[in-house]
Amino acid sequence: MSAMKEKNPWQTPVTIIITVIGVIAIVALVTVAVLQNRPLPQKYKYGIVLDAGSSHTALYIYEWPAEKDNNTGRVEQTHSCKVKGPGISSYAHDPLKAGESLRVCMQEAEQRVPGKRHQETPLYLGATAGMRLLNIENSSASDEVLKAVESALQKFPFSYQGARILSGQEEGAFGWVTVNYLDDRLTQGLDTTGALDLGGASTQISFVSEKFDGSESPSNSVTFRLYGNDYNLYTHSFLCYGKDQALRMTLAQQTQSGQASILDPCFNTGYTVMKNYSVLYDSPCVSDRKPQNAPATFNQTGKGNFTECQEVVKSVFNFTHCKYSQCSFNGVFQPLLQGPFGAFSAYYFVMNFLNLTDTSIPLKAVEDKLNSFCSTPWNQIKQQHPDVKVKYLAEYCFSGTYILTLLTEGYKFDQTSYSNIKFIKKIKGSDAGWTLGYMLNLTNMIPAEAPDSPPLPHAGYVSIVTIMAVLLFILFIVSLRPLWPRCSKQPQIV
Ligand SMILES: Nc1ccn([C@@H]2O[C@H](COP(=O)(O)OP(=O)(O)OP(=O)(O)O)[C@@H](O)[C@H]2O)c(=O)n1
Ligand SMILES: [Ca+2]
């Protein structure tokens, strides 16, 4: 008998050793390559900005991954705190109180930002139109207020970077940066979104228009180079055209003869309050128009008439002179409106309350809605909205009318361009406003040139390393072919 034995060539000691070493080598190579290039565990950095507006102050905390400062869309708002009480400019007579008012929100920030990051966390305060007006009226008072908030902020463990009044251009331009940064439009080089900001004391319009190169009105031009793209931004801030100062102007318009009472079409019927002449005219927006020999007070009684309200509101805009190719109002240059717009702060508060955030509806429907809201008796309005602050509630007829008039008559939005406006409060969790853009700019977080990115994403890198390692191993095995044991199909005859 002959014994037939087939020997598996892969079971020789040499090949087993080679295979084991090879497998260990592959695993080691891939592990080292992957571990070495693994994204590091995320550490966060923080930044704090205080928005000292005319009507109130708000604190915002931003957070971003420590390793990737330059990546767009990576900075997020993690917390906001509304300071109790009025804006800092209202403390002109008692500046220390302006500083004190910030304490609660600052303590909250101390809790929210991890202790070991406190010292490296930049803290900024930017003041807007309320302080601009106070600075016009009484510059030493505005200096005192800034000094007081400065010494209050320096008591906290953050890296204090200063408190200052922003120019209108800065306020408009940084609002535009915020909106486009949050929408990821800057790194992508996409068409940008315009920004409409309505505050209590000023209002800003900022957008990129192909027709505008800055030459016609250099004071309205801001140029940026961001992520390798050039932007020529048109921006204008109208001081006194925030909604509180605009309301003062319409009241000034109606009290020119120093009457003891007025019938105001911009307030609901049945609404009546007594107002003080000296308080009303205590603002550079109206102080030169104060009627002489007026009594101390006047009664303001609502008449609830949208059409008449719109007439009064229109009268605070001046359309008579324009030395440029075209103007918005008050002789201010404005290029052709272009692109989508984001409208935030009071635009949003008011239009959201009035259920008018849908801009696809005809302008006529917006007017109808305002008409019916304004003519609703005050008692009924109060009953329907028991949770809304009476001060806000009383002003919505005026505010809605003012917004529509500012947009259509002031900025010349028509039916088509109106439908390109989006009334927004937040974008991806961060409030729309100038604060984020301001911080990104001051921390140099938006580079002028596009940052170099690794040619491959991490997953692609891992796959390629693995495939290469396996191929090398196969090549190695094949190259050892001469050493392979004879593989014979013939049975061995013993
Ligand atoms: N729920 C709210 C909150 C605020 N407001 C009003 O909205 C206006 C503007 O608020 P804001 O954008 O916060 O203005 P400020 O930043 O304080 O003012 P500015 O930017 O002009 O300095 C104020 O008249 C305020 O009374 C409102 O109608 N409804
Ligand atoms: Ca503001």
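**Exercise 1. Find which helices supply at least two residues each to the shell around ligand 1 in this predicted model.**

Solution. Step 1: go through the helices that line the ligand. Helix 7 (243-254) supplies at least two residues of the shell, and so do helix 10 (346-353) and helix 13 (390-410).
Step 1: In total, 19 residues surround ligand 1, and the closest are S54, S55, T128, A201 and D244.
Step 2: sort the shell by class. It holds 7 nonpolar, 9 polar and 3 charged residues.

**Exercise 2. Decide whether helix 7 and helix 13 are roughly perpendicular or oblique to each other.**

Solution. Step 1: take the axes. Those of helix 7 and helix 13 come within 11 Å and cross at roughly 80°.
Step 1: apply the cut-off. Angles of 65 to 115 degrees count as roughly perpendicular, and the two helices are therefore roughly perpendicular to each other.
Step 2: list the residues that meet. Helix 7 contributes K243, D244, A246, L247 and T250, while helix 13 contributes K391, E395, F398, S399 and Y402.
Step 3: classify them. The contact of helix 7 with helix 13 has 4 nonpolar, 2 polar and 4 charged residues.

**Exercise 3. Repeat the analysis for helix 4 (residues 129-137) and helix 5 (residues 139-153).**

Solution. Step 1: the axes of helix 4 and helix 5 come within 5 Å, crossing at roughly 135°.
Step 1: angles over 145 degrees would count as roughly antiparallel and 65 to 115 as roughly perpendicular.
Step 2: on helix 4 the contact is made by M131, L134, N135 and E137, and on helix 5 by S139, A141, S142, V145 and L146.
Step 3: by class, this contact of helix 4 with helix 5 comprises 5 nonpolar, 3 polar and 1 charged residues.

Key. Residues are numbered from 1 along each chain as its sequence is written. Chains are lettered from A and ligands numbered from 1 in the order in which they are written. This is a predicted model: local features need pLDDT of at least 70, side-chain atom pairs count only at pLDDT 80 or more; totals for chains, interfaces and linings use all residues. Side-chain values use heavy atoms; hydrogens and water are left out. A residue is near a molecule or strand if one of its heavy atoms lies within 4 Å of it. Helices (H or I, at least four residues) and strands (E, at least two) are DSSP runs, numbered from the N terminus. Ala, Val, Leu, Ile, Met, Phe, Trp, Tyr, Cys and Pro count as nonpolar, Asp, Glu, Lys and Arg as charged, and the others, Gly among them, as polar. Axes are lines fitted to C-alpha atoms, for helices over the stretch in contact, and angles run from 0 to 180 degrees between N-to-C directions. Angles under 35 degrees count as roughly parallel, over 145 as roughly antiparallel, 65 to 115 as roughly perpendicular and the rest as oblique. Contact means heavy atoms within 4.5 Å.
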